[in-house]
Amino acid sequence: LASNRLDGDFMKQVALCHYTSQYNPPRKAFDFYAAAVLTHFIQAEASLLSKEISRMFYSNEYGLTLVSKSETWEATLESYVSRIDTKVDPGDSDFIKTKKEYFQREISVMRTIEDLPQLLVRDIKFKLDLVSKELFVVKTPKRLIITSGDTSDVDGFLALAEYSKTGADALFVMNYPGYVGENADDDNYHLSHPGLGYKYTSEQVFKSQTKEIPTYTEFLQRYEKLSPNEMMKGAMTDIGFAITQKVWEDLPTESKGNCFFCIGGINAINPFSAKAVKNEILVYHSTIPKESKRIDPVEGTFYDMSGKQQPELDLLQYDEIYMDFNGSMAFFEEKWRARLSHPAVAQRICGVFIMGGVYADATPMTMPSIPNVLNRFSSATMNQLYHPPRTAAFFTMLAQNRHIPVFTITNNVVDDLTTFSDAEKKVKTMDGVTKFLASNRLD
């Protein structure tokens, strides 16, 4: 009573009458636990309460109320029954024997119930201080995952699907290839700038990487009044947003958080030549519904998954912030640097996870330059090469905030999912990718 500030004189008198009566009642404050959760909810702490969804199966005949992680009554019943010891041992007391017999009787009746209705509930946990007896509601921290992405590959969206399972909010920051920001072509740039990519515009990509596909032509008509660079950026944005939206909604995770979409920056380097670079619109346009949302690609703008523009995301509303380096740091301009290095925000960053880097003490697995295809050094992994100055600025911020754990996942540790249909390994199949999706519950 004292630790939970309930020790008024009359309250103590009533408690004394109850707990010391001849009936010897259990000393468990059942209803106070419910009150503790309710008051947390009233005090604007609802977001901190458990987001773990369970199912309550209930009966209108026997008053059964079983809370379960299982989706069916059958699985719930079997789970419950498996945890009840009904085997009568020779050393059991009469009380224990009777208890087990009644459990047997109870189970036999429950097995006659074919099904029960269910209600989705949030299961709340508590912690009682063993010394002071103060009761604490175990809260679920409000978490945000900031993921740097683009449409250059599907792996960033696999990462987003994985994040949707966590219950955390996610912010997908969309970045753009360097050619979107170029105004002129320089066919000889790579010759005098080893390791620093190529110089060309979106117009070059459209010319060298375009096919006469009716659906592709129709999709681009949405942007026909724009310049090639504006067309490329607008189409990439709409594709990136639509894929983000669908991926976030696709997996049936009931405790899913909110997802936001942010317009990021433009890369400083084009690692691939115009003839070798992927036309991302050509690759993904067929997955986008014709009525998909048009997004205004103004850098620094935030959107929710309905496509509605949002105010700048308030990072202080989160107890824990996590970041990956799965794409480009092109978005990490001065405003983002100030936002994340603010002491009140920086102390909430619980981890940064860098996809990139190569082992210095191992044989390189990352390709060096390939004439007329790729212009980079073998130790320059793509995510970090896209915008070296802003990559360096981000790493400097981490170095200045040494309390932030930094994890690196080098290119060396990533396995190849390629499978083949022939012994000569010339014809690739999707079998490896399909199995990977299924095995990691991304399908």
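Guide: Helices are DSSP runs of H or I with at least four residues, strands are runs of E with at least two, and both are numbered from the N terminus. This is a predicted model, where local features need pLDDT of at least 70, side-chain atom pairs count only at pLDDT 80 or more, and totals for chains, interfaces and linings use all residues. Residues are numbered from 1 along each chain as its sequence is written, and side-chain values use heavy atoms, without hydrogens and water.

Visitor: Where is lysine 133, and why does lysine 133 count as partly exposed?

Guide: Lysine 133 sits in the loop between strand S4 (125-128) and strand S5 (135-138). Buried means under 20% relative accessible area, exposed over 50%, and partly exposed in between (1.4 Å probe, protein chains only). Lysine 133 has 46%, so lysine 133 is partly exposed. Its phi is positive, about 70°, although lysine 133 is not a glycine.

Visitor: What makes arginine 5 count as exposed?

Guide: The relative accessibility of arginine 5 is 65%, so arginine 5 counts as exposed. Arginine 5 lies in the segment before helix H1 (9-19). Its phi is near 55°, a positive value in a residue other than glycine.

Visitor: Why is threonine 410 called buried?

Guide: Threonine 410 has 5% relative accessibility, so threonine 410 counts as buried. The residue is in the loop between strand S13 (406-409) and strand S14 (419-420). Leaving out residues up to four places away in sequence, threonine 410 touches Met355, Gly356, Gly357, Val358 and Tyr359. Contact here means heavy atoms within 4.5 Å.

Visitor: How many aromatic pairs are there?

Guide: Rings of Phe, Tyr and Trp (its six-membered ring) pair if their centres lie within 6.5 Å; planes under 30 degrees apart are stacked, over 60 edge-to-face, and the rest tilted. The count comes to 15 aromatic pairs.

Visitor: Why is the pair of phenylalanine 219 and tyrosine 223 called tilted?

Guide: The ring centres of phenylalanine 219 and tyrosine 223 are 5.8 Å apart and the planes are at 55°, so the pair is tilted. Both phenylalanine 219 and tyrosine 223 are buried.

Visitor: What makes phenylalanine 332 and phenylalanine 394 an edge-to-face pair?

Guide: The centres of phenylalanine 332 and phenylalanine 394 are 5.3 Å apart and the planes are at 80°, so the pair is edge-to-face. Phenylalanine 332 is in the loop between strand S11 (320-325) and helix H11 (334-341), and phenylalanine 394 is in helix H14 (residues 388-400), so the pair ties together parts 62 residues apart in sequence. Ring pairs link Phe302, Phe325, Phe331, Phe332, Trp336, Phe394 and Phe395 into a cluster.

Visitor: How do you know that arginine 339 lies over the face of tryptophan 336?

Guide: A charge sits over a ring if NZ of Lys or CZ of Arg is within 6 Å of the ring centre and within 35 degrees of the ring normal. Arginine 339 lies over the face of tryptophan 336, at 4.3 Å from the ring centre. Lysine 199 lies over the face of tyrosine 189, at 5.1 Å from the ring centre.
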